[in-house]
Amino acid sequence: MSLNAKLLRETFERAKIENGGATALGMRFYARLFEKYPAVRPLFSTPPEEQHKKLLASVASIVGAVEKPDILVPFLHAMGIRHLKYKTESAHYAAVSENLVSVLAEHLSKEGEWTEEMKSTWEDALKTVSKIMIEAAENPNKFQEELTKAGFEPNGFKKDDPRPWVAEGQSGEA
Ligand code: HEM
């Protein structure tokens with residue numbers, strides 16, 4: 001995966017401490033998502049106060065495992081397949097990605113810099129993440145062997161792990 005891991009990590013570390021930290025970023029993510037894309041609101045039943053922790057833990061996992069495709073790719077395939085249960089459509093990924101980049105831009109430009117390079121780095125990363133999640137969501141059967149090997153159930157969940165959004169070897173701290 002030819003993503004700029006260093007810049008992704010640096011900016012994500014900043015996001016956790018600047019401008020109210022991860023909670024402020026996560027809460028703003030859902031406020032803006034529901035304001036700008038009201039059609040997706042009914043898909044969410046978990047309140048943003050809880051949901052944002054899962055989202056940010058998954059982003060922490062992605063950023064942490066970006067140089068480990070053997071862990072990251074099955075993790076993302078499983079996550080894409082789990083999203084079928086949430087009635088997510090492939091077309092929604094562009095909205096969620098746009099929303100995350102915009103919210104990061106707002107958040108990081110308050111106390112420090114937000115550059116064109118940071119923007120394109122996050123856009124590229126989310127494009128890659130979306131592509132991998134969608135490829136599994138659109139053809140789950142193709143990835144069953146890989147999922148089993150990585151310890152996931154056919155539906156993308158894990159039998160004895162209540163936090164499937166934390167990748168192997170990652171703490172899930174955001
Ligand atoms: C960048 C890609 C995305 C990431 C990293 C992500 C991350 C997550 C995580 C970590 C969860 C917690 C549950 C689980 O892991 O199974 C979740 C749940 C969910 N996601 Fe996503 N997601 C992404 C894209 C989307 C898209 C495009 C939609 C469509 C609107 C969406 C809608 C949902 C819904 C509805 C839930 C369940 C919420 C609930 O429990 O009420 N996600 N997502």
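A pocket here is an open set of grid points with protein on both sides within 12 Å along at least five of seven lines, and its lining residues have an atom within 4 Å of a point. Keep that in mind as you click around this predicted model.

**Stop one: the largest pocket.** Select Tyr-30, Phe-44, Gln-51, Leu-55 and His-83: out of the 36 residues that line the largest pocket, these lie nearest its centre. The pocket's volume comes to about 870 Å³. Colour its lining by class and you'll get 24 nonpolar, nine polar and three charged residues.

**Stop two: the helices around it.** Which helix gives the most to the lining? That's H3, with seven residues.

**Stop three: the iron.** Zoom in on His-83, which you'll find in helix H4. Its NE2 atom sits at 2.1 Å from the iron atom of the ligand, and His-83 is the only protein donor to that iron.

**Stop four: where H2 meets H3.** Select residues 21-36 for H2 and 48-64 for H3; their axes come within 9 Å and cross at roughly 110°. Angles of 65 to 115 degrees count as roughly perpendicular, so that's how H2 and H3 lie to each other.

To see the contact itself, show side chains on both helices. On the H2 side, pick out Ala-22, Thr-23, Leu-25, Gly-26, Met-27, Phe-29, Tyr-30 and Phe-34. They meet Pro-48, Glu-49, Gln-51, His-52, Leu-55 and Leu-56 of H3. By class, this contact has nine nonpolar residues, four polar and one charged.

Note on methods: Residues numbered from 1 in each chain as written. Predicted model: local features only at pLDDT ≥ 70, side-chain atom pairs only at ≥ 80, totals over all residues. Heavy atoms only, no water. Axes fitted to C-alpha atoms, helices over the stretch in contact; angles between N-to-C directions. Helix = DSSP H or I, 4+ residues; strand = E, 2+ residues; numbered from the N terminus. Parallel < 35°, antiparallel > 145°, perpendicular 65-115°, else oblique. Contact = heavy atoms within 4.5 Å. Nonpolar A, V, L, I, M, F, W, Y, C, P; charged D, E, K, R; others polar. 1 Å grid on protein atoms, 1.4 Å probe; cavity = no way out; pocket = protein on both sides within 12 Å on 5 of 7 lines; lining within 4 Å. Points joined across faces, edges and corners; volume = space filled by probe spheres on them. Donors = N, O, S within 2.8 Å, 3.2 Å for Na, K, Ca; no water.
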